Amino acid sequence: MNKFLFYFILFCAASLSAQKPAPKQSKSILLKGGILHVGNGVKIDNCAVGFKNGIITHVSSIAENKINEKDFDTIINIANQHVYPGFIAPNNILGLQEIEAVRATNDFAETGEMNPNVRSIIAYNAESKIVETVKTNGVLLAQTTPRYGAIAGTSSVVQLDAWNWQDAVVLEDDGVHLNWPSFYTPTKWGMKGPEEFEKNKNYEKSIDELALFFKEATAYCANENSEKNLRFEAMRSVINGSKNLYIRANEVKEITEGIRFAQEQKIKKIVLVGGKYSYLCTSILKENNIPVMIGRVHDLPERADDDIDLPFKLPYLLAKENILFCLQNEGDMEAMNARNLPFLAGTAVAFGLPYEQGVSAISLNAAKILGIDKKHGSVEIGKSATLFVSNGDALDMKSNQLTFAFIDGRKIDLKNFQQKLYEKYQDKYKQQNN
Amino acid sequence: MNRFLFISAFCCFTLLFTSVKSQETFPFNGPKNEKHILYAFVNATIFVDYQTKIDGATLLVQNGKVVSVSKNAAPKNALIIESKGKIIYPSFIDAFTNYGMPEVKKGKREDRNQFISTKKGAYNWNQAIKPEINSAELFIADNASAETFRKVGFGAVHTQASDGICRGTGAVVLLSNEKENTLFVSSKSSANYSFDKGSSTQDYPSSLMGSIALLKQTYLDAEWYAKNDKTKETNISLEAFNETQNLPQVFEVKDKYNVLRAAKIAKEFGKSFVFKTAGDEYMAIKEIAETKSSLIVPLNFPEAFDVSDPLDAHNISLEDLKHWENAPFNPYYLHLNKIPFSITSADLKEKKTFLTKLKKAIDCGLPVSEALKALTYFPAKQLGVDNVVGSLKPGMLANFIICNNELGSAKFNVQENWIKGEQFVIEKPEAIDIRGKYDFVIDNNKLVLTIDGESSKPKATFSKDTIKYKSTISIERRLINFTYVVDSKTIRLSGEVLPGDSLLKGTAINESGAQNYWNAKLIESKKTEAKPDSNSTKKEELGTVWFPNMAYGFDTLPTKNNYLIKNTSVWTNEKEGVLSNYDVLIQNGKITKIDKNISALGAEIIDGKEKHLTAGIIDEHSHIAISGGVNEWAQASSAEVSISDVVNPEDINIYRQLAGGVTAAQLLHGSANPVGGQSAIIKLRWGQTPEKMKIEGADGFIKFALGENVKQSGSWGGARFPQSRMGVEQSFYDVFIRAKEYESKKNNALKNKTTFRKDLELETISEILNKKRFITCHSYVQSEINMLMHVADSMKFRVNTFTHILEGYKVADKMKNHGVGASTFSDWWAYKFEVMDAIPYNAALLTQQGVVTAINSDDAEMARRLNQEAAKTVKYGGLTEEEALKTVTLNPAKLLHLDTKIGSIKVGKDADIVLWTNNPLSVYAKAEKTFVDGVCLYDRTKEETIKQKNNIERQRIIQKMIAAKSGGEKTQKPNSKKQQHHYHCDSIEEYYYE
């Protein structure tokens with residue numbers, strides 16, 4: 001049998017999620033007595049959170065406000081448990097990849113350099129087995145993001161409990177992803193990838209190509225064209241300032257030139273992605289109100305001489321400068337690793353970031369950057385009831401234990417196939433011992 | 001005297017027949033032209049050898065050989081060469097070159113996999129083993145290349161084809177422009193080696209440890225071959241190998257630690273290598289001195305970086321900066337440590353910089369006499385030709401250089417280089433300097449002539465009173481020509497410089513063609529006085545060498561101290577559990593007391609209040625700190641290779657992991673083949689050398705692997721067996737059956753005292769059968785796990801550990817029966833098909849079923865957060881916190897058979913402990929202090945000071961570099977950066993290779 005076909009069939013068999021998306025919220029719910037981490041930096045001990053029809057209708061401190069319990073159909077006592085807004089995993093190929101090593105399951109990159117028109121949302125696999133494991137740890141929203149090329153494509157924000165991609169959409173086509181040319185290119189490949197780098201000889205050429213593309217797209221978008229160009233068309237909302245341009249850059253010179261480039265192209269909504277050395281050029285970020293989606297906190301420093309804790313400290317270093325940032329975890333095995341997003345925030349807290357800001361870094365800040373903060377990112381009245389309850393501190397792996405999670409007020413199934421396998425084999429050994 | 005040059009300039013062909021060194025066996029066209037002129041260089045300062053200097057001496061040379069050096073007057077029949085003020089040295093000898101050798105080209109591979117050598121004939125199976133190569137046969141003299149050597153003083157070189165692991169014999173040849181037949185000093189002067197497989201297109205070896213194993217096996221094969229019945233196997237390579245063992249054995253290395261690695265092999269097989277090194281020996285100078293090897297050392301001092309752009313300068317590591325500062329001191333360090341060495345011009349970008357680099361080395365403390373020794377006597381000695389070249393003793397070859405200044409002076413350079421009595425003029429005598437002011441007289445007319453500018457390119461001005469005439473000058477030897485213009489008329493003059501250089505005289509033609517006489521008398525000389533040799537006294541400032549010589553290195557190695565950690569929570573990992581508010585005393589590298597209110601005189605007290613003390617983290621599965629590749633993938637079994645041969649103590653990840661509380665790790669071979677290589681079990685002794693990293697007396701382990709990697713599932717797949725899980729099983733049966741047969745053959749041979757071929761691969765497998773080596777096997781799905789246990793049961797061995805073992809939870813019962821432990825990831829999955837059933841509950845379920853279970857990293861990044869990974873077993877499956885901590889401390893210690901020494905806090909155990917700021921399983925916990933053997937190797941409270949120290953050192957050297965640049969030193973752009981990777985043995989990229 002053809003190898004790829006073989007894997008494809010296996011993949012189909014292996015990858016169907018067993019979870020069933022939850023139905024619409026029909027009854028109003030009140031969570032009573034928990035410790036609320038609002039997401040905006042505020043913490044409320046002994047709080048009450050109520051929601052109806054998927055919308056948060058009540059947030060208060062029980063000590064300060066009396067709650068009319070009769071207003072709610074269901075009251076859940078969550079004393080000493082923690083309430084968080086649903087965490088958001090931005091810049092992730094979640095749902096676009098099932099098995100890293102099996103090419104047939106990879107749908108996050110298109111051929112060619114300028115692909116703003118390719119849209120991750122239609123490839124988003126709402127039934128990915130990876131997605132169900134991610135929810136279990138409190139990550140309820142994600143930005144499903146294409147990769148590679150100069151312009152990788154257009155991402156979308158999804159909620160993780162859906163029947164299909166249409167059902168999953170929170171914000172369709174939220175922005176275009178530009179991979180800023182790398183200042184360095186590998187010159188020596190070791191056994192496991194590039195080891196030594198040299199200044200990229202094509203750096204200027206790549207920028208020139210991008211500039212031409214942006215200029216042509218700008219000219220094209222100045223009118224409604226009868227003859228459509230799909231690539232330019234996809235740039236329209238970035239050029240007119242309604243959607244984000246995500247610029248992925250890490251070195252100081254890349255960051256500086258990437259931002260200046262976008263400004264020259266009159267792009268209004270710029271987001272820096274990665275930003276390993278962004279702490280060295282905070283003024284350009286501050287002066288231009290550029291938010292940062294910080295690369296994986298659980299990473300090694302780029303250079304041997306760097307502060308050994310640099311990736312752990314980067315969120316703190318940007319917070320100190322009042323730069324808006326959120327966390328993401330682009331890198332090896334990022335889809336499956338999305339479930340560790342809360343612990344990236346935990347580590348950032350260990351290295352100086354105040355706790356509630358750690359929560360914001362994976363909730364409200366992400367929502368603000370993605371442009372979904374009117375409805376998402378914090379537990380506040382009027383917003384979507386996308387939140388969860390954890391038995392303990394959700395940023396700490398040893399106590400992250402979800403008891404309830406809601407997306408738009410829907411109480412979602414947290415039991416994933418891995419727990420089921422665990423139980424199955426526990427049963428096996430019980431049977432043997434009987 | 002210039003006759004020879006003169007002829008050679010015309011026609012090389014003629015040279016063959018007119019050379020004084022005509023060859024006995026060659027026919028001669030025309031009357032024989034043999035000369036036996038006796039040359040006498042008189043009144044010179046002559047270095048007979050590096051330590052014997054005679055002033056006012058006479059050197060007699062005849063027939064290409066030295067007749068004598070003495071204070072006696074020259075005999076009457078001698079051709080006298082006045083050499084007053086000249087210094088004569090024996091010509092230099094370069095002990096490591098490829099002079100006249102063909103260029104090494106990497107061949108093209110025909111197939112995806114190449115298992116044996118493509119060399120036709122009865123040669124060795126491995127293409128990198130070619131001791132039969134005879135460089136003398138390959139040697140073709142190349143005058144253009146020879147000239148670059150001659151110009152910097154070399155008269156003879158050792159040349160060899162630098163290609164492969166066993167490279168064949170080298171020769172010592174002269175650098176004159178002659179037929180090859182007359183150029184050899186020795187046609188077989190050395191046998192040559194390296195760890196680099198060179199142009200070989202064969203897959204094996206694909207790693208440094210593979211090269212090491214291959215060389216060892218070659219020694220064994222050659223030993224066997226010498227005694228073997230040749231009708232069984234004829235192997236020209238091994239024959240040549242055996243024949244060349246009595247020659248000097250020259251080994252080229254590209255790294256200081258490879259000196260130690262090769263010296264270890266030499267010791268094992270009773271050999272002794274002369275090492276061609278990389279110029280970085282100063283970083284491991286003590287250990288290199290202990291090998292008692294002699295070295296051939298390059299002067300490849302790095303160029304300064306252009307650090308003017310601080311962002312670009314960010315790319316330069318402190319390691320690079322420190323090496324830039326220290327490298328010129330390398331020869332000095334060698335001298336200081338009494339390591340005998342010669343100096344080679346190898347590894348220089350441009351040979352012409354050799355003398356500048358030599359001067360730099362001398363300025364950096366290398367005594368001039370040592371430099372001379374390293375360039376004359378010692379290289380000759382290393383190659384066994386010190387009775388022919390390297391000194392100017394009677395009967396030795398007349399190879400000498402004539403200089404104006406002594407070695408060590410800034411103005412030292414070579415004027416003439418004589419090779420076997422042949423003269424090569426390197427620097428023509430300076431053109432005469434006629435600069436000055438002259439009284440110029442022509443036809444009773446008096447003018448002033450001023451000659452200035454450079455002595456080789458003078459400028460002339462004719463003037464009268466304040467009027468300057470437009471003038472030109474040209475000079476050729478002593479013939480001179482001027483023009484000057486008066487009233488738009490050009491007067492043309494020609495003439496000569498008379499002896500004494502103060503009178504110019506000649507004839508002039510004016511505008512109408514009339515001839516006149518002119519002369520010019522010097523009235524004021526403008527010759528610049530020779531500046532005093534100021535540079536020769538300039539001494540460079542010695543930099544410091546750190547351990548390792550990079551950021552976060554120690555300036556002095558920390559030592560064992562006695563510590564008393566007070567009032568802390570002690571996670572004992574013993575039946576006592578977690579003891580609150582206890583004290584722990586460590587003395588002499590051991591844990592000596594655990595109690596309340598200990599008092600210990602002299603111990604440094606550490607306040608442990610509100611902190612937690614645990615045993616150091618042990619990473620059962622790591623690939624950090626390895627040089628030259630983690631996979632020897634070319635064969636299904638590579639049991640002969642060992643990571644313990646290639647430990648790299650300079651990996652910054654060692655330090656980073658100490659900061660994560662890791663104190664020990666098993667460095668494993670990768671998972672590219674069913675039987676991988678032997679592992680190294682180390683402590684993270686940052687600052688030490690490779691050998692000292694290893695845990696003394698630890699049991700030997702070996703990596704096995706199953707599944708997608710070994711069957712080469714990705715696009716990297718080729719023809720190598722196995723390609724399926726079916727084949728994987730057969731690979732194991734094959735090696736174990738072969739090993740059993742080998743053992744019985746070996747026992748018979750020992751009993752009957754007959755010969756047998758020692759096979760390193762099967763020796764290792766036999767160790768497994770004899771319970772002297774233990775298996776850690778990379779594994780994923782239950783079928784293959786059961787398969788290996790089945791193979792083990794039927795072949796009567798035991799699997800010690802399944803690593804990764806992501807479906808272990810499905811077969812925990814069978815694992816328990818087999819007695820195998822598990823070392824797994826906390827939550828990795830979805831990276832390939834075979835991990836789709838991986839669950840994060842694996843460790844908990846295995847533990848609950850009584851399997852000793854560890855959490856490992858297989859990843860340099862995760863390794864520094866293994867406490868967090870252990871904490872996930874609390875979240876997934878509900879292990880207690882104590883059980884969770886054991887998965888990264890006591891349990892891996894058990895799996896590595898080291899639990900009597902490390903893994904818990906118990907009196908008598910090694911003081912490998914970590915003080916945490918918080919509950920060690922919390923995401924908020926940071927290792928505050930990490931001790932290995934009672935030595936504090938990481939201290940977070942001092943982290944700011946250490947970073948500051950890095951920065952001060954960095955800025956100091958950067959300022960020095962800027963000064964070097966403005967002082968005219970050549971600089972290089974800091975365009976490149978080096979990247980630290982985090983690898984795990986499943987990385988698909990792992991299979992890419994250079």
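Biologist: Why is Gly676(B) called buried?

Modeller: This is a predicted model. Gly676(B) has a relative accessible area of 0%. The cut-off for buried is under 20%. Therefore Gly676(B) is buried, at 0% against a limit of 20%.

Biologist: Where does Gly676(B) sit, and what does Gly676(B) touch?

Modeller: Gly676(B) belongs to strand E33 of chain B, residues 675-678. Leaving out residues up to four places away in sequence, its contacts include Ser638(B), Ala639(B) and His669(B). Ile702(B), Lys703(B) and Phe704(B) are also among them. The C-alpha atom of Ala705(B), 29 residues away along the chain, is 7.0 Å from that of Gly676(B).

Biologist: What makes Trp125(B) partly exposed?

Modeller: Its relative accessibility is 32%. Partly exposed runs between the 20% limit for buried and the 50% limit for exposed. The value of 32% falls in that range, so Trp125(B) counts as partly exposed. Trp125(B) lies in the loop between strand E6 (92-97) and helix H3 (135-138) of chain B.

Biologist: Which residues form a nonpolar patch with Trp125(B)?

Modeller: Phe115(B) and Ile116(B). Together with Trp125(B), they have about 290 Å² of accessible area on the surface. A patch residue needs over 30% relative accessible area. Trp125(B), at 32%, therefore passes that test.

Biologist: Now chain A. Is Ser360(A) buried or exposed?

Modeller: Buried. Its relative accessible area is 5%, and the limit is under 20%, so the label holds. Ser360(A) is in helix H12 of chain A, residues 355-360.

Biologist: What does the side chain of Ser360(A) reach?

Modeller: The backbone oxygen of Gly39(A), at 2.8 Å. The cut-off for a polar contact is 3.5 Å, so that distance is within it. Ser360(A) also touches Asn40(A), Gly41(A), Asn365(A) and Ala366(A).

Biologist: How do you know that Glu881(B) and Lys398(A) form a salt bridge?

Modeller: Their closest N and O atoms are 3.4 Å apart. The limit is 4 Å, so the pair qualifies as a salt bridge. The count between chain B and chain A is 8 salt bridges. There are also 39 residue pairs in polar contact between these chains.

How values were computed: Residues numbered from 1 in each chain as written. Chains lettered and ligands numbered in written order. Predicted model: local features only at pLDDT ≥ 70, side-chain atom pairs only at ≥ 80, totals over all residues. Heavy atoms only, no water. Helix = DSSP H or I, 4+ residues; strand = E, 2+ residues; numbered from the N terminus. Buried < 20%, exposed > 50% of the residue type's maximum accessible area, 1.4 Å probe, protein only. Polar contact = N/O pair within 3.5 Å; in protein donor to acceptor, adjacent residues only side chain to side chain. Contact = heavy atoms within 4.5 Å. Patch = residues over 30% accessible without salt bridge, like charges linked within 9 Å, V, L, I, M, F, W, Y side chains within 5 Å. Areas by Shrake-Rupley, 256 points an atom, 1.4 Å probe, with all protein chains shown as cover. Salt bridge = Lys/Arg side-chain N within 4 Å of Asp/Glu carboxyl O.
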